[in-house]
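Let's take a walk through this structure together. Please keep the sequence and the 3D view at hand as you read.

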Amino acid sequence: MSAHDIHAGHDDHHAHDDIHVTMGDYVKGFILAVILTAIPFYLIMNDVITDRSTAVAVLGIFAIVQVLVHMVYFLHMNGKIQGGWTMLSTIFTVIFLAIAISGTLWVMHNMNTHMMPTHEMPAAPAATAPAVVTP
């Protein structure tokens with residue numbers, strides 16, 4: 001029995017995992033990635049959004065959409081590959097990272113709030129002239 005005979009039917013059960021990607025899919029992904037990079041760049045460089053919190057929210061939305069574009073068009077992630085386990089593990093990773101990052105920020109904020117002194121500095125004593133000593 002040779003190694004070829006042992007692994008002869010090994011690839012038979014991977015038929016549903018075939019990824020059929022065309023050059024058009026890569027071009028669509030590239031164009032979307034360029035657009036999703038150019039729009040936020042334009043918004044920031046031309047001061048279109050003046051409010052800082054609005055700018056952060058808009059840039060965050062563009063970043064999330066761009067990550068999704070990369071995952072779909074370049075990493076070829078969908079619910080069909082490997083019976084959905086790839087997508088499930090990605091969702092678990094995103095949730096775990098969100099919990100870890102938000103928990104870390106919460107702890108650091110509370111430590112900063114509760115550990116830093118908030119009392120005001122005492123006023124400096126008034127400068128007095130030195131006593132004059134006469135011999």
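What follows goes from the overall fold to one helix pair, and then to a handful of residues.

**Ground rules**

This is a predicted model, in which local features need pLDDT of at least 70 and side-chain atom pairs count only at pLDDT 80 or more, while totals for chains, interfaces and linings use all residues. Residues are numbered from 1 along each chain as its sequence is written, and side-chain values use heavy atoms, with hydrogens and water left out.

**The chain as a whole**

The secondary structure comes to four helices and zero strands, where helices (H or I, at least four residues) and strands (E, at least two) are DSSP runs numbered from the N terminus. Read from the N terminus, the elements run α-α-α-α. Of the 135 residues in the chain, 12% are buried; here buried means under 20% relative accessible area, exposed over 50%, and partly exposed in between, with a 1.4 Å probe and protein chains only. Among contacts with a separation of 6 or more, 60% join residues 24 or more positions apart, a contact being heavy atoms within 4.5 Å.

**Annotated spans**

The UniProt record, an unreviewed entry, places the annotation "transmembrane region" on residues 26-44, 56-75 and 87-108. Its positions are given in the numbering used here, feature names are shortened, and annotations may be inferred rather than shown by experiment. In the model, residues 26-44 are 100% helix and 0% strand, with 28 Å between the end C-alpha atoms. Residues 56-75 are 90% helix and 0% strand, and the end C-alpha atoms of that span lie 27 Å apart.

**Helix 2 against helix 3**

How do helix 2 and helix 3 pack, and at what angle? Helix 2 (residues 23-45) meets helix 3 at about 170°, and their axes are 10 Å apart. The axes are lines fitted to C-alpha atoms, for helices over the stretch in contact, and the angles run from 0 to 180 degrees between N-to-C directions. That angle makes the two helices roughly antiparallel, because angles over 145 degrees count as such, under 35 as roughly parallel, 65 to 115 as roughly perpendicular and the rest as oblique. On the helix 2 side the contact includes Y26, L32, L36, T37 and P40, and on the helix 3 side it includes L59, F62, V65, Q66 and Y73. The residues of this contact divide into 15 nonpolar, four polar and two charged. In that count Ala, Val, Leu, Ile, Met, Phe, Trp, Tyr, Cys and Pro are nonpolar, Asp, Glu, Lys and Arg are charged, and the others, Gly among them, are polar.

Some C-alpha distances put numbers on this pairing:

| Pair | Positions apart along the chain | C-alpha distance |
|---|---|---|
| F41 and L59 | 18 residues | 9.2 Å |
| T37 and L59 | 22 residues | 9.8 Å |
| V65 and L36 | 29 residues | 7.8 Å |

T37, in helix 2, is partly exposed at 44% relative accessible area. The side chain of T37 also makes a polar contact of 2.9 Å with the side chain of Q66. A polar contact is a pair of N or O atoms within 3.5 Å; within protein, one must be able to donate a hydrogen and the other to accept it, and residues adjacent in sequence count only if both atoms are side-chain atoms. V65 sits in helix 3 and is partly exposed too, with 36%. F41, a residue of helix 2, is exposed at 55% relative accessibility.

Is H76 buried or exposed? With 16% relative accessibility, H76 counts as buried, although its place is in the loop between helix 3 (52-73) and helix 4 (85-115). The side chain of H76 makes a polar contact of 3.1 Å with that of Y26, and reaches the backbone oxygen of F74 at 3.5 Å. Phi of H76 is near 55°, a positive value in a residue other than glycine.

D47 has a positive phi as well, of about 50°, and is not a glycine. This residue lies in the loop between helix 2 and helix 3, and is exposed with a relative accessible area of 58%.

T90 belongs to helix 4 and is buried at 19%. Apart from neighbours within four places in sequence, T90 is in contact with M71 and M77.
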